[in-house]
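Please consider the sequence and the three-dimensional model together. The account below is meant to be read with both in view.

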Amino acid sequence: MPTLTKLYTMQEASQHNTKDDCWIVIDGKVYDVTSYLDEHPGGDDVNNESPKWPAANNLLEGKDATDDFEDAGHSKSAKELLQSFCIGELDTSSPIIPELEISSKREAVKYSEKLMDLTKQYWTIPVAIVGISVLVGFLYLHKK
């Protein structure tokens, strides 16, 4: 029987990005590591410039920290310890950054509208080029 866990969006998890309230997302799971910051061998320095906690830095940017966690070479016992901080799972049913999806849909519509306007506005240019080409061709053939 599957266990029921709380679902969090990446936006919700990224709001917990301080030394006093730090969540990270690894392998689709959300971990509250606030209480572990003081014990972590890398220190508790959580900010954008910190090379000690790249997983937390990714979270500040609203990204998954799985790659950084794996790249750090954590031991098996560290991975087992991480499980004790699990508070839920990442909700993958909604887009990670919904604003981007909405924006891209608007841009596609605007681009196609602009293309149609340009086509309507400048249709005379290709017609004029073809007309001049035909005229020059007739003049050239007529001189021979």
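The model is a predicted one. E3 pairs with strand E2 (residues 17–18) in the antiparallel sense, over 2 bridges. In this pairing Asn 17 stands opposite Cys 22 of E3, and a hairpin of 2 residues joins E2 to E3. E3 also runs antiparallel to strand E4 (residues 29–32), to which 4 bridges join it. Here Ile 26 stands opposite Lys 29 in E4. The hairpin of E3 and E4 has 2 residues between the strands, and in this hairpin Asp 27 takes a positive phi near 50 degrees.

The cover over E3 comes next. The strand is mostly covered, with 5 of its 6 residues buried. In a regular strand, side chains alternate between the two faces of the sheet. The largest nonpolar core has 11 residues, including Cys 22, Ile 24 and Ile 26, together with Tyr 31, Val 33, Tyr 36 and Leu 37. Ala 65, Phe 69, Leu 82 and Phe 85 also belong to this core. Another core, of 7 residues, lies apart from it; among its members are Ala 13, Trp 23, Val 30 and Leu 90.

Ser 14 lies in helix H1, which covers residues 10–14. Ser 14 counts as buried because its relative accessibility is 16%, under the cut-off of 20%. The side chain of Ser 14 reaches the backbone oxygen of Gln 11 at 2.9 Å.

Charged side chains provide a further contact. The count of salt bridges comes to 1, and in it the side chains of Lys 79 and Glu 70 meet at 3.4 Å, N to O.

Ile 129 is placed in helix H6, which covers residues 124–143. With a relative accessible area of 52%, Ile 129 is exposed, since the term applies to values over 50%.

Key
Residues are numbered from 1 along each chain as its sequence is written. This is a predicted model: local features need pLDDT of at least 70, side-chain atom pairs count only at pLDDT 80 or more; totals for chains, interfaces and linings use all residues. Side-chain values use heavy atoms; hydrogens and water are left out. Buried means under 20% relative accessible area, exposed over 50%, partly exposed in between (1.4 Å probe, protein chains only). A polar contact is a pair of N or O atoms within 3.5 Å; within protein, one must be able to donate a hydrogen and the other to accept it, and residues adjacent in sequence count only if both atoms are side-chain atoms. A nonpolar core is a set of buried Ala, Val, Leu, Ile, Met, Phe, Trp, Tyr and Cys residues joined through side-chain atoms within 4.5 Å. A salt bridge is a side-chain nitrogen of Lys or Arg within 4 Å of a carboxyl oxygen of Asp or Glu. Two strands pair if DSSP finds at least two bridges between them.
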